[in-house]
Amino acid sequence: MKLIFLDIDGVLNTDFYLKESDRHVGPEFYPGAIKLLEEVIVETDAKVVISSTWRHGTSKKELVDLFRNYSDIIANAIIGKTGYYPSISRDRWVEILFYIAYLLKKGKNVTNIVILDDDYFDLEPLSEYLVLCRKNNMRGLRYHMKHEVMKKLKSRFFIEFRGYENKNS
């Protein structure tokens, strides 16, 4: 299974397309970013996991309904949202790994991941899977980033846990 971990602010809401939305609170999603995300989903059969702060206080169904206003392709690809574990860590890389562990426990085979975000401050351990949606201080997913997204979705997902010592061996 190929996964896209999707941030919204700074990826779909951009610095260069500022139009108030009549579909939801806040700015409209940039049509070019929606089209690009649709193309990636269709070409790779990737599934989407919302890792944005928009997931807080919002059910998966509400997120799917929100995206249905823009794209049935994206809405149908959404399989969930990352959890929030403030007692363990507030870093999104931990939340992403917890979600992957959840899928693995359910018997799903996670083969490839990409993280679409406009910042990397709490994603550093997973930076090789990150497509930073920012260039020249302008935030947003743009067409020239598609090659990098596709490349990451074709690279095998592998994480090595360093510093772990099994006391039972």
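Tutor: What follows is a look at the charged pairs and their surroundings. This is a predicted model, in which local features need pLDDT of at least 70 and side-chain atom pairs count only at pLDDT 80 or more, while totals for chains, interfaces and linings use all residues. Residues are numbered from 1 along each chain as its sequence is written, and side-chain values use heavy atoms, with hydrogens and water left out.

Taking a salt bridge as a side-chain nitrogen of Lys or Arg within 4 Å of a carboxyl oxygen of Asp or Glu, the count comes to 11. One of them joins Glu43 to Lys146, whose closest N and O atoms are 2.8 Å apart. Because Glu43 lies in helix H1 (residues 31-44) and Lys146 in helix H5 (residues 146-154), this pair ties together parts that are 103 residues apart in sequence; helices here are DSSP runs of H or I with at least four residues, and strands are runs of E with at least two, numbered from the N terminus. Glu43 is partly exposed, with a relative accessible area of 48%, whereas Lys146 is buried, at 11%, where buried means under 20%, exposed over 50% and partly exposed in between (1.4 Å probe, protein chains only). Both residues also belong to a salt-bridge network with Lys35 and Glu39.

A further salt bridge is formed by Asp117 and Arg92, with closest N and O atoms 2.3 Å apart. The pair links distant parts of the chain, 25 residues apart, with Asp117 in strand S4 (residues 112-117) and Arg92 in helix H4 (residues 92-105), and both Asp117 and Arg92 are buried.
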